[in-house]
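Hello,

Here is the structure for you to look over. My notes on it follow below.

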Amino acid sequence: MLRFGILSTAKIGRDNVVPAIQDAENCVITAIASRDFARARDMADRFSVPHAFGSYEEMLASDTIDAVYIPLPTSQHVEWSIKAADAGKHVLCEKPIALKASEIDDLTAARDRNNVIISEAFMVTYSPVWRKVRSLLQEGAVGELRHVQGAFTYFNRDPGNMRNIPELGGGGLPDIGVYPVISTRFSTGKEPFRIQATTERDPEFGTDFYSSVKADFGEFELSFYISTQMAGRQIMVFHGTEGYIEVKSPFNANRWGPEEIEVTNRGHSESYIYRFQDSRQYKSQAEAFARAASGEKEEIVTLEDSKLNQKVIDAIYRASEQDGWEAV
């Protein structure tokens with residue numbers, strides 16, 4: 001059993017990841033840390049976790065954990081991932097693991113010198129929904145893939161929310177722009193080589209709240225938009241010469257709507273619907289990470305993959321400042 005420590009009492013951990021780890025077959029949470037001991041103790045009691053710490057450093061120095069899950073504000077991901085690795089702990093860190101692709105080199109160095117795993121928590125890559133999309137594309141379900149279309153939006157103008165605070169790594173692209181990119185790269189196995197984009201920033205917060213992106217993958221094109229100030233929407237469509245695949249709840253499985261993939265043929269004479277009653281992508285993520293940490297051969301998100309994904313986000317920001325194409 002891989003023993004996890006949770007580094008902070010953030011909402012995504014409380015609501016999604018901690019329950020999933022507790023339910024996993026090969027890992028368990030043995031410690032919670034917060035800069036406020038009372039908060040750590042309260043969360044530990046809520047999930048029947050034996051140890052609570054009033055500082056992150058104290059938990060990292062403890063022999064009660066083998067790995068950490070980090071749901072801190074984005075601006076702190078690199079710092080604490082390195083500190084955890086230097087303490088000899090495996091690291092599962094929330095996305096985005098860094099705000100620039102170049103920062104991931106320091107994480108790779110920390111991983112290699114400490115012989116630990118550092119992995120970005122892209123839960124979609126562990127979902128049976130997205131693994132089915134990948135397999136359908138590989139089997140030629142849509143023929144020759146020509147276009148991928150996506151959207152991911154929600155509305156949040158809370159000035160106290162980290163997503164609206166630049167110093168904490170806020171902004172739409174770091175928060176949700178990463179998802180159309182990682183899901184397209186994961187399911188197709190392809191990389192984009194140039195980008196066109198428009199991005200708008202909130203005059204009050206200074207964070208990017210809207211982006212419209214075109215990514216050229218050579219064989220096909222990805223176009224998507226994201227926003228933190230629009231009515232909620234999530235969709236991904238893979239359109240080819242022989243049909244298309246529509247992913248109904250592509251990112252927030254279990255919360256957004258039906259977990260379904262619909263495959264429609266070219267003439268619209270047939271549709272196949274694949275339903276996933278309980279994808280449990282966070283649970284699958286924890287179990288895969290634990291297997292990899294124990295030395296088993298397992299497909300997880302590597303830092304090399306994270307760097308490729310972040311290079312696309314970096315290119316979107318650069319492309320938004322000019323007309324025409326920007327190389328990834």
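Predicted model: local features only at pLDDT ≥ 70, side-chain atom pairs only at ≥ 80, totals over all residues.

H5 itself covers residues 104-114, and its buried residues are Ile-104, Leu-107, Thr-108, Ala-110 and Arg-111. Looking down the helix axis, these buried residues fall within an arc of 160 degrees, so they line one face of H5. An α-helix has 3.6 residues a turn, so residues three or four places apart point the same way. Asp-112 and Arg-113, on the other side of H5, are exposed. The cover over the buried residues of H5 includes two helices, H4 (77-86) and H9 (303-319), and strand S6 (118-121).

**Nonpolar cores**

The largest nonpolar core has 74 residues. Those that touch the most other members are Phe-4, Trp-130, Tyr-179, Ile-195, Phe-238, Ile-245 and Ile-316. There is also a second, separate core of 26 residues, with Leu-7, Tyr-56, Val-78 and Ile-118 among them.

The largest pocket holds about 1000 Å³ of space. Its lining is made up of 41 residues, and Lys-11, Ile-12, Met-162, Arg-163 and Asp-175 lie nearest the centre. Two or more lining residues come from each of helix H1 (11-23), strand S7 (145-155), helix H7 (172-188) and strand S11 (229-240). H1 gives the largest share of this lining, with five residues. Sorted by class, the lining of the largest pocket has 16 nonpolar, 14 polar and 11 charged residues.

The second largest pocket has a volume of about 210 Å³. It is lined by 14 residues, of which Leu-137, Leu-145, Thr-188, Lys-190 and Glu-219 are the closest to its centre. Helix H6 (128-138) and H7 are the elements that give two or more residues to the lining of this second largest pocket. By class, that lining has five nonpolar, five polar and four charged residues.

Regards

Definitions and conventions. Residues numbered from 1 in each chain as written. Heavy atoms only, no water. 1 Å grid on protein atoms, 1.4 Å probe; cavity = no way out; pocket = protein on both sides within 12 Å on 5 of 7 lines; lining within 4 Å. Points joined across faces, edges and corners; volume = space filled by probe spheres on them. Helix = DSSP H or I, 4+ residues; strand = E, 2+ residues; numbered from the N terminus. Nonpolar A, V, L, I, M, F, W, Y, C, P; charged D, E, K, R; others polar. Core = buried A, V, L, I, M, F, W, Y, C linked by side-chain atoms within 4.5 Å. Buried < 20%, exposed > 50% of the residue type's maximum accessible area, 1.4 Å probe, protein only. Arc of directions from axis to C-beta. Contact = heavy atoms within 4.5 Å.
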